[in-house]
Amino acid sequence: MTVTALPPGVRWRPALVARRRNGRVFVWLCYGATAFGIVALLVLLTDVLVKGVPYLSWEFLTSFPSRLADRSGVLAALVGTFYVGIIVVVVAFPIGIATAIWLEEYAPQGPLKRILETNIGNLAGVPSIIYGMLGLAVFVRALSLQRSLIAGGLTIAVLVLPIVIINAQEALRAVPSGIRHASYALGATRWETVRYHVLPAATPGILTGTILALSRAVGEAAPIILISSIAFIAFLPDGPLDSFTILPIQIFIWVSKPQEQFHLIAASAIIVLLVLLLTMNALAIVLRDRARRGTRW
Amino acid sequence: MVTAQEPRVRPPIHTPVVAMRAPEPAAEPVPEPSTLEHAFELRDLSAWYGSAQALRDITFDIPKNHVTAIIGPSGCGKSTLIRCLNRMNDLIPGFRAGGHIAYHGEDINGPEADPVLLRRHIGMVFQKPNPFPKSVFDNVAFGPRINGYSGDLRALVEESLRRAALWDEVRDKLGASGLALSGGQQQRLCIARALAVEPDVLLMDEPCSALDPIATYRIEELIADLKRDYSIVIVTHNMQQASRVSDLTAFLLAGEERMGELVEFGATRDLFTNPKDERTEAYITGRFG
């Protein structure tokens with residue numbers, strides 16, 4: 001279709017048929033890609049539900065693991081996951097949000113800020129098993145915390161810290177600069193501007209980001225495999241220095257067993273973990289919508 | 001030739017009738033810049049963003065209790081200039097200013113000067129209405145609160161809203177979000193917010209550029225009202241607006257190197273009817289560029 005092939009005097013050739021066909025082809029490619037993801041997810045989900053639902057019961061949630069699959073439960077793992085979550089909230093969120101505030105509102109533009117941001121971005125992409133090794137070397141060995149709840153919680157906290165920072169930075173950056181200028185122009189100090197205007201306006205975004213980071217934390221298995229002894233844990237941790245287990249580890253242990261029945265209760269544990277994650281994501285949405293009320297600009 | 005007697009912008013036909021008066025003709029004497037008391041004295045003010053110079057050697061005086069307009073084409077440094085007056089440019093990385101600006105005789109860039117204190121006395125209204133995403137009341141009350149106002153806050157909020165000619169429209173919805181107001185109301189809310197800290201100067205950076213003609217008219221009326229108590233500096237790209245609201249006008253122009261320079265400064269009526277510089281005449285008659 002070169003211009004020279006056109007009859008003399010005709011300079012436009014809309015070729016609408018071909019252009020519309022290209023558009024349709026692209027839409028079908030997109031449908032296909034979407035369908036692939038959804039089908040894969042549905043297959044996995046169906047498999048898990050078919051296997052796991054029959055074993056779900058109140059006893060399953062309130063029992064400790066056992067040598068016998070039909071007497072096993074996820075209590076220790078569920079409680080351990082909950083405690084790890086709390087440690088992450090208490091440790092990673094304040095540090096991460098404060099870091100984001102410093103980077104966005106205080107740090108001078110320049111090489112230092114650029115280097116820090118690049119490295120935080122890289123840290124967010126480091127495989128989680130590396131954090132497990134870090135936790136093993138620093139918390140378990142160097143700080144002599146042993147294979148304890150606190151060592152595991154701190155490891156996961158360090159793991160999600162870069163994600164918390166990046167999410168909080170995004171939320172702070174989304175606050176229109178007009179709000180900062182208005183505040184400064186009234187004679188507010190930098191801290192007053194951050195405290196009364198930027199932070200409240202960024203809160204919905206920060207909340208969403210941090211809860212998503214928390215659900216990542218709750219689903220992590222790899223680093224905890226190195227930290228927690230993958231042993232039989234048939235008790236609840238009494239304190240932060242007790243040994244512990246978490247849901248992904250429990251699933252990992254059961255799946256590794258040769259007996260078929262343990263594979264089925266692993267599916268039940270996966271359902272418990274999925275429900276936990278979905279609940280947390282739903283909570284993130286509710287909190288965000290609440291905090292956002294009346295703050296649209 | 002555009003003159004101070006230029007007819008006002010007419011309202012659209014189907015809107016409720018708002019009286020559109022012509023400005024009081026020649027009621028006030030033409031101010032003579034050299035005899036007025038000064039709020040600001042600018043001496044050889046230059047400004048750079050990184051290595052790019054935005055203003056060069058601007059020298060003139062901004063008088064007290066008058067309206068001073070800064071006009072000029074886009075990119076001539078009007079906004080940079082007005083933002084130098086309350087040091088808002090400090091917030092921009094890489095910004096640097098040279099020369100001197102004295103505010104009531106004190107160097108605002110001096111080692112003793114505190115930008116927070118300076119801005120407390122110099123209110124600012126921005127191009128795009130930027131109310132805080134909070135209630136109308138909290139928008140106005142924020143400034144007094146942080147600046148340690150100990151009187152009756154409700155009364156101060158009401159008075160500020162009255163001065164900004166907004167009270168009657170929001171008296172029943174002080175708890176509603178400032179963002180729920182119309183664009184013109186938001187801008188008047190921003191003016192009320194600036195007035196609430198009882199400033200001495202009001203800087204307005206193209207305050208009407210995002211507003212429709214009626215909202216613009218109301219803001220202009222307000223400016224005429226406020227100049228009794230405040231020194232007002234207004235940046236505008238609208239020459240009719242400058243001729244309607246201001247007592248004095250500074251005309252800036254960017255030369256070959258994109259640096260803004262002061263071409264002419266004087267009483268608005270003189271500058272618009274009898275410009276001394278041919279570039280000013282070219283600009284105000286629309287023959288420019």
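1. Ala15(A) is found in the segment before helix H1 (16-52) of chain A; helices here are DSSP runs of H or I with at least four residues, strands are runs of E with at least two, and both are numbered from the N terminus. Its phi is near 50°, a positive value in a residue other than glycine. Most residues other than glycine have a negative phi. Ala15(A) counts as exposed because it has 11 C-beta neighbours inside 10 Å. The classes are as follows: a residue is buried if 20 or more other C-beta atoms lie within 10 Å of its own, exposed if 12 or fewer, and partly exposed in between, with C-beta atoms placed from the backbone.

2. This is a predicted model, in which local features need pLDDT of at least 70 and side-chain atom pairs count only at pLDDT 80 or more, while totals for chains, interfaces and linings use all residues. Residues are numbered from 1 along each chain as its sequence is written, and chains are lettered from A and ligands numbered from 1 in the order in which they are written.

3. Helix H6 (residues 149-173) of chain A packs against H8(A) at an angle of about 150°, with the axes 8 Å apart; axes are lines fitted to C-alpha atoms, for helices over the stretch in contact, and angles run from 0 to 180 degrees between N-to-C directions. H6(A) is therefore roughly antiparallel to H8(A), a term for angles over 145 degrees, whereas those under 35 count as roughly parallel, 65 to 115 as roughly perpendicular and the rest as oblique. The crossing of the two helices is right-handed, that is, the near helix is turned clockwise from the far one by less than a right angle, anticlockwise being left-handed.

4. Which residues of H6(A) meet H8(A)? Among them are Ile156(A), Leu159(A), Val160(A) and Ile163(A), and the residues on the H8(A) side include Val198(A), Ala202(A), Gly205(A) and Ile206(A). Contact requires C-beta atoms, placed from the backbone, to lie within 7 Å.

5. The contact between the chains takes 19 residues from chain A and 23 residues from chain B. On the chain A side, the elements giving two or more residues are helix H7 (177-185) and helix H8 (190-219). H7(A) gives the most, with six residues. By class, this side has nine nonpolar, eight polar and two charged residues.

6. In chain B, strand S3 (residues 67-71) is mostly covered, five of its five residues being buried. Val67(B), Ala69(B) and Ile71(B) lie on one side, and Thr68(B) and Ile70(B) on the other. S3(B) runs parallel to strand S8 (residues 231-235), joined by four bridges, and Thr68(B) has Val233(B) as its bridge partner there. Four bridges also join S3(B) to strand S9 (residues 248-254), again in parallel, with Ile70(B) partnered by Ala250(B). Strands pair if DSSP finds at least two bridges between them.

7. Strand S1 (residues 38-49) of chain B contains Asp44(B), which has a positive phi of about 50° although it is not a glycine. S1(B) is joined by eight antiparallel bridges to strand S4 (residues 95-103). S4(B) and S5(B) form a hairpin with two residues between them, and His104(B) in the turn has a positive phi of about 45°.

Terms used: Two residues are in contact if their C-beta atoms, placed from the backbone, lie within 7 Å. Ala, Val, Leu, Ile, Met, Phe, Trp, Tyr, Cys and Pro count as nonpolar, Asp, Glu, Lys and Arg as charged, and the others, Gly among them, as polar.
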